[in-house]
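I opened the model to look up a few things and wrote down what I found. The entries follow in the order I made them.

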Amino acid sequence: VQLVESGGGLVQPGGSLRLSCAASGTFFRLKTMAWYRQAPGKQRELVAAIPSGGSTNYADSVKGRFTISRDNAANTMYLQMNSLKPEDTSVYYCKWTTATPTGVTFGYWGQGTQVTVSS
């Protein structure tokens with residue numbers, strides 16, 4: 001599985017961006033789709049996730065501002081980011097976790113896309 005993110009860029013505080021994560025390749029079962037971010041000097045953190053068959057969950061810092069969604073037919077995941085703040089500045093990564101028929105899981109990461117929130 002290969003993941004390619006797009007949609008990052010420079011935006012002013014209060015603005016919006018939509019990130020996309022397009023997947024190619026084959027897998028047996030998709031378990032979780034998620035967005036992470038990593039700011040300079042900080043650890044990578046979970047931003048939002050959609051577990052298979054479960055409800056979405058978000059980091060407290062983005063609740064009410066970010067929305068994760070998926071288009072199964074297009075094998076694409078999105079992150080709509082509204083009311084952006086300077087502290088949202090990070091490299092954003094998508095991650096898919098898949099499972100084999102025997103239950104072995106694999107995690108796949110995209111290359112990352114830079115989001116900069118600044119006036």
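I started with burial: buried means under 20% relative accessible area, exposed over 50%, and partly exposed in between, using a 1.4 Å probe and protein chains only. I noted that this is a predicted model, where local features need pLDDT of at least 70, side-chain atom pairs count only at pLDDT 80 or more, and totals for chains, interfaces and linings use all residues. Residues are numbered from 1 along each chain as its sequence is written, and side-chain values use heavy atoms, with hydrogens and water left out.

**Entry: the disulfide**

I took a disulfide to be a pair of cysteine sulfur atoms within 2.5 Å. How many disulfides does this rule give? I counted 1 disulfide. Cysteine 21 and cysteine 94 form it, with sulfur atoms 2.1 Å apart. I looked up where the two cysteines sit: cysteine 21 is in strand 3 (residues 17–24) and cysteine 94 is in strand 9 (residues 90–99). The pair is 73 residues apart and links distant parts of the chain. Strands here are DSSP runs (E, at least two residues), numbered from the N terminus. The link of cysteine 21 and cysteine 94 is right-handed, with 65 degrees about the S-S bond. Both cysteine 21 and cysteine 94 are buried.

I then found an open sheet of 4 strands, in the order 1-3-8-7, with antiparallel pairing. Two strands pair if DSSP finds at least two bridges between them. Strand 1 (2–6) and strand 7 are the edge strands, each pairing on one side only. I recorded 5 bridges between strand 1 and strand 3, which run antiparallel. Valine 4 has alanine 22 in strand 3 as its bridge partner.

Strand 7 (residues 66–71) and strand 8 (residues 76–81) are antiparallel too, joined by 6 bridges. Arginine 70 has methionine 77 in strand 8 as its bridge partner. Strands 7 and 8 form a hairpin with 4 residues between them, and asparagine 75 in the turn has a positive phi of about 50 degrees.

**Entry: threonine 116**

Is threonine 116 buried, exposed or partly exposed? Threonine 116 has a relative accessible area of 25%, so I put it down as partly exposed. Threonine 116 lies in strand 11 (residues 113–117). Contact means heavy atoms within 4.5 Å. Leaving aside neighbours within four places in sequence, threonine 116 is in contact with Gly9, Leu10, Val11 and Thr89. I also checked glycine 53, 63 residues from threonine 116 along the chain: their C-alpha atoms are separated by 33 Å.
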